[in-house]
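Subject: Structure handover

Hello,

Here is the structure you were waiting for. My notes follow below it.

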Amino acid sequence: MSEDSYEIFAVRYGHHKRKAAENYIGGDPHDVLQPLDYFVWAIVGPAQTFVVDTGFDEIVGARRKREMVTPVRKGLEAIGVDPDKVENVIVSHMHFDHCGNFDLFPRARYHLQDREMTYCTGRCMCHAQLRNSYEEDYVVAMVRKVFAGRVAFHDGSDEIAPGVSVHHIGGHAKGLQCVRVKTRRGYVVLASDATHLYTHMEQSRVFPTTYNLEEVLEGYAKLKKLASSPAHVVPGHDPEVLKRYPAAKAGLEGWIVRLDAEPKA
Ligand SMILES: [Zn+2]
Ligand SMILES: [Zn+2]
């Protein structure tokens, strides 16, 4: 593995049974289930490991009726990532399912877009509909990290390390960012909630939680431009990801997959 080429793991920790109509503005004509999976991601290079997003914890998951399948710590440990040693965590955005477990990485610096912190601590949170996806304690924990000097702010596109960069997308949340990673198969883009499911990007449809519709739709083009091909874009909540990519190792099927590997035909 060269210095600027990485392995990427998608680690599933949660699940939510829901109907297809709940996943799209304008609903869906099919009366079928279309569940969401919840992931964190690990970007593992020869020199260092980056974790993307930190998931929700059991208490918040239960209150919001999301199933905790396997705690985030357990998933990371299964691939040899020790949360106590992780030095950099990239937070795609501050929604509850992406920034909980805030004590899990005691040594880490957190990478966040300026606009997301402004959004989740400012006037938009006066509106119930906009603050609904944010967890007050998680936001406060990030504010405390700012005061502890543990947050690195980014504005638009920025390089975190050679081969790892963040890019502002917005749309779903004001400061949502995706992560572009150099791998053995080219540039993979971890879209997070810039496309929840493959169908959002492929069919230009939009998830109901939205701050700016134009940015969501323009964001699909941006994801494809950043990735080596559309097949290099990894959605943030699609159970299909676990089927398309090979397990990280035997025994981890349906739990942890390798995104730097070629997808199965
Ligand atoms: Zn979100
Ligand atoms: Zn999400």
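Two strands pair if DSSP finds at least two bridges between them. Helices (H or I, at least four residues) and strands (E, at least two) are DSSP runs, numbered from the N terminus.

Before the details: this is a predicted model, where local features need pLDDT of at least 70 and side-chain atom pairs count only at pLDDT 80 or more, while totals for chains, interfaces and linings use all residues. Residues are numbered from 1 along each chain as its sequence is written, chains are lettered from A and ligands numbered from 1 in the order in which they are written, and side-chain values use heavy atoms, with hydrogens and water left out.

Strands

Strand E2 (residues 36-44) pairs antiparallel with strand E3 (residues 49-52) over four bridges. Val 44 stands opposite Thr 49 in E3. The two strands make a hairpin, with four residues between them. E2 also runs antiparallel to strand E1 (residues 7-16), joined by nine bridges. There, His 16 has Leu 36 of E2 as its bridge partner.

Nine of the nine residues of E2 are buried, so the strand is largely enclosed by the rest of the structure. Buried means under 20% relative accessible area, exposed over 50%, partly exposed in between (1.4 Å probe, protein chains only). Leu 36, Tyr 38, Val 40, Ala 42 and Val 44 point one way; Asp 37, Phe 39, Trp 41 and Ile 43 point the other way.

Zinc site

Which residues hold the zinc ion (ligand 2) as protein donors? They are Asp 97 (OD), His 98 (NE2), Asp 193 (OD) and His 237 (NE2), at 2.1 to 2.2 Å. Donors are N, O and S atoms within 2.8 Å of the metal (3.2 Å for Na, K and Ca); water is not among the atoms, so sites may look incomplete. The zinc ion (ligand 1) lies 3.5 Å from the zinc ion (ligand 2), and Asp 193 coordinates both. Asp 193 sits in the loop between strand E11 (186-192) and helix H6 (198-203), and His 237 in the loop between strand E12 (233-235) and helix H8 (240-244), so the pair ties together parts 44 residues apart in sequence. Asp 193 is buried at 4% relative accessible area. His 237 is buried too, at 2%.

Helix H3

In helix H3 (residues 114-121), the buried residues are Glu 116, Met 117, Tyr 119 and Cys 120. Down the axis they fall within an arc of 160°, so they line one face of the helix. The arc is that of the directions from the helix axis to the C-beta atoms.

Best wishes
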